[in-house]
Amino acid sequence: MVHLESLEVDLNELSAIDAAAAARRARANPVGFRTPLADAWDQLSVRTGLPALEFYEMDAAYDAAADLEESEAQRFAQRFAAVAGQLRGLFPEVDAFRAQHSVALDAALALRDAVPELIRTATTTLKEAGLALAAGSAAGMEDPSARTAHARASTDLGAARAAADERRWVEAHAAATRARGDAGTALELASTLEARGAQVRNGFLSVRTRCDALRNQQGRLDDAMSQLRRRYTLPTWRHVEDAPAVVTASLRRVEDDLVALDRLLAARPLVVPDAADLLAAVRTSVTEADRRLRAAVDLLAHLDEVSRNPDQTLADLQRRLVDTRRFVAGRSAQEATRMSPTLDKLAARAESLRSAIGEDRPDWGAVLAEKESIEAAIDAMIRNARNG
């Protein structure tokens with residue numbers, strides 16, 4: 001009887017865990033939520049419960065110390081024997097039930113058994129995160145998101161402990177899992193506070209140096225734009241026409257942001273994420289200004305190279321085509337057949353480029369764009385062949 005009762009208690013709890021877990025997955029109200037395991041156990045538990053209830057009723061009515069009449073004692077003995085027989089007969093059914101639903105029962109058991117370790121890990125991690133936050137605060141650094149994660153973890157850990165004490169295992173497992181995750185986040189953020197703060201300080205010095213260098217190069221940009229306007233047609237350099245305005249606006253924004261960043265770095269505590277975000281914005285602005293400046297300066301250099309020595313440009317392009325023909329010839333016959341028409345078209349475009357260069361007033365912008373387009377097509381064809 002004791003063994004069967006122990007099995008019933010365990011199966012009651014595991015079937016309840018299975019139903020509660022399924023309800024959580026379905027985002028449904030767990031009250032009254034049913035699963036095949038819960039339904040099957042309800043049916044079997046009714047059959048095991050009736051003889052168990054009869055056993056307890058007889059046990060309460062029977063007084064072993066009383067001097068019973070023989071007929072009364074025989075009646076008790078017969079009823080106890082009958083109930084015992086029923087209980088023994090139910091054991092194979094309970095074992096068969098456990099085997100039939102072993103997957104769901106094992107999953108419920110694993111969930112229940114995981115809760116103590118989840119709570120222990122979350123508790124340890126949360127304590128470490130608290131110490132790391134205290135150390136960061138003592139060093140004059142703060143991360144609000146770390147404190148928020150720490151607070152969430154503390155709340156969920158309390159909920160997990162309360163649910164575990166009341167044997168609400170699914171709720172305890174979910175709360176402990178959240179607590180462990182948030183505690184880990186808080187620990188990671190807090191333990192890297194000083195390193196991240198140092199990165200921001202070093203980044204501030206680096207980006208300020210880049211900004212100074214870029215400001216010194218603005219003269220090159222102004223000179224490049226002047227020469228582009230005087231020596232080449234508008235369509236050639238229209239795409240870089242706004243470079244001076246963009247660079248000037250970007251540098252003005254960078255200077256304002258550097259002042260704000262310097263103010264953040266001087267504050268106590270230093271809110272590291274805010275400083276890191278502002279530093280990232282400054283870097284983006286400097287990178288964009290540098291890209292636009294270089295685009296204009298490089299365009300002038302490329303145009304000058306093509307216009308001063310067009311024969312060399314054609315010779316370089318012809319050499320690329322010859323090398324590409326050798327590459328194609330070294331491929332399989334099927335592949336060479338497939339690639340040859342494309343290569344022939346590129347060679348024809350190169351000849352047309354020769355005609356464009358020979359005109360009285362060549363459009364050097366169009367010449368440069370076509371040259372780079374042909375070279376890009378050659379590179380793509382070779383790359384595709386090698387990757388294929």
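The lining of the largest pocket has 8 nonpolar residues, 6 charged residues and no polar ones. The model is predicted.

**The largest pocket**

- The largest pocket holds about 260 Å³ of space.
- Its lining is made of 14 residues.
- Nearest the centre of the largest pocket lie Ala 20, Pro 30, Arg 168, Val 170 and Glu 171.
- Two helices, α1 (2–25) and α6 (169–191), each supply at least two residues of this lining.
- The top contributor to the lining of the largest pocket is α1, with 6 residues.

**The second largest pocket**

- The second largest pocket has a volume of about 160 Å³.
- Two or more residues of its lining come from each of α10 (272–308), α11 (310–329) and α13 (364–387).
- With 4 residues, α13 gives the most to the lining of the second largest pocket.
- The residues that line the second largest pocket include His 302, Glu 305, Val 306 and Asn 309.
- Gln 312, Thr 313 and Asp 316 also line the second largest pocket.
- Leu 368, Lys 371, Glu 372 and Glu 375 complete the lining of the second largest pocket.
- By class, the lining of the second largest pocket counts 5 charged, 4 polar and 2 nonpolar residues.

**Helix α6**

- Helix α6 has 23 residues, which at 1.5 Å a residue should span 33 Å.
- Buried residues in α6 include Trp 169, Val 170 and Asp 182.

**Pro 273**

- Pro 273 is found in helix α10, and α10 gives two or more residues to the lining of the second largest pocket.
- Pro 273 has a relative accessible area of 19%, and buried means under 20%, so Pro 273 counts as buried.
- Leaving aside residues up to four places away in sequence, Pro 273 touches Glu 142, Asp 143, Pro 144 and Arg 196.
- One of these contacts, Glu 142, is 131 residues from Pro 273 in sequence.
- In space, Pro 273 and Glu 142 are 8.4 Å apart, C-alpha to C-alpha.

Note on methods:
Residues are numbered from 1 along each chain as its sequence is written. This is a predicted model: local features need pLDDT of at least 70, side-chain atom pairs count only at pLDDT 80 or more; totals for chains, interfaces and linings use all residues. Side-chain values use heavy atoms; hydrogens and water are left out. On a 1 Å grid over the protein atoms alone, a cavity is a set of points where a 1.4 Å probe fits but cannot get out, and a pocket is an open set with protein on both sides within 12 Å along at least five of seven lines; lining residues have an atom within 4 Å of a point. Grid points are joined across faces, edges and corners, and a volume is the space filled by probe spheres set on the points. Ala, Val, Leu, Ile, Met, Phe, Trp, Tyr, Cys and Pro count as nonpolar, Asp, Glu, Lys and Arg as charged, and the others, Gly among them, as polar. Buried means under 20% relative accessible area, exposed over 50%, partly exposed in between (1.4 Å probe, protein chains only). Contact means heavy atoms within 4.5 Å. The expected span of a helix is 1.5 Å times one less than its number of residues.
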